[in-house]
Amino acid sequence: MLLIDHCRLSWPDFRADYSLAVETGYLCAIVGPSGGGKTTLLHMIAGFEKPESGRLSLDGRDLLPLQPAERPVALVFQDHNLFPHLSAAQNVALGLRPSLRLSSGEWLAVSEALDAVGLKGLEKRRPGEMSGGQRQRVALARALVSGRPLILLDEPFSNLDPGLRRDMIELVDALRRKRRVTVIMTIHTPEEVMNVADQMAFVANGEVIASGSPKAVLRDHPDPRIAAFGG
């Protein structure tokens, strides 16, 4: 289980105090207004933001003393964060070794990860030769090949058309069930994960206002900020 207990962060113009629990193997969708602190929450879990106080643990292991590279977490950014001069396979291989000096078994794992996201045969293509959806699949394959049990997706499909977004959400759902990884995903179209996510958390003003099933959060929760968000 991922456990966040009153993790506080502050800047001159923004303060956050996060508390959230996510069961192992869950897909948890993080929703809420722009500027409410969704991305900051993911960056804190990944180690790019350090809370002033509170507890952050995964399966009982304290994550706060660990640097980002030491945490059992893979983060997929909205803009893919792929290297344009590297092939798809090389970009995925970075999830194993930044030096790209992989054993034959590790290159096989790279191929299997690309196959899992539907990119078999495209190993040698560079990002500039791929569609937006294909680039996102490369980024997802890199997260998968790392073998880390917690995958964070920060608005990963917002630049895709609605049909492709749904396809990618279904792919993420299928992969996390098959590999039993926990996925936390920020998304600005909550209706697209209503039937997929195990859990939804509404974040606003630097706090987790509500957490539970998607229906309980978006349709049944009394907080007026959620009602305003859903229209």
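The largest pocket of this predicted model holds about 530 Å³ of space, a pocket being an open set of points on a 1 Å grid over the protein atoms alone, where a 1.4 Å probe fits, with protein on both sides within 12 Å along at least five of seven lines; the volume is the space filled by probe spheres set on the points, which are joined across faces, edges and corners. Its lining comprises 21 residues, of which Leu 75, Leu 94, Gly 95, Arg 142 and Arg 148 are the closest to the centre, a lining residue having an atom within 4 Å of a point. Strand E6 (73-76) and helix H4 (132-145) each supply at least two lining residues, and E6 gives the most, with four; helices (H or I, at least four residues) and strands (E, at least two) are DSSP runs, numbered from the N terminus.

Two aromatic pairs were found, the rings of Phe, Tyr and Trp (its six-membered ring) being paired if their centres lie within 6.5 Å, with planes under 30 degrees apart counted as stacked, over 60 as edge-to-face and the rest as tilted. Trp 11 and Phe 14 form a tilted pair, 6.0 Å centre to centre with 35° between the planes. In the other pair, the ring centres of Phe 202 and Phe 229 are 5.3 Å apart and the planes lie at 75°, so the arrangement is edge-to-face. This pair links strand E9 (residues 199-204), which holds Phe 202, to helix H7 (residues 224-230), which holds Phe 229, 27 residues apart. Phe 202 is buried at 0% relative accessible area, whereas Phe 229 is partly exposed at 28% (buried, under 20%; exposed, over 50%; partly exposed, in between; 1.4 Å probe, protein chains only).

Residues are numbered from 1 along each chain as its sequence is written, and side-chain values use heavy atoms, with hydrogens and water left out. Local features need pLDDT of at least 70 and side-chain atom pairs count only at pLDDT 80 or more, whereas totals for chains, interfaces and linings use all residues.
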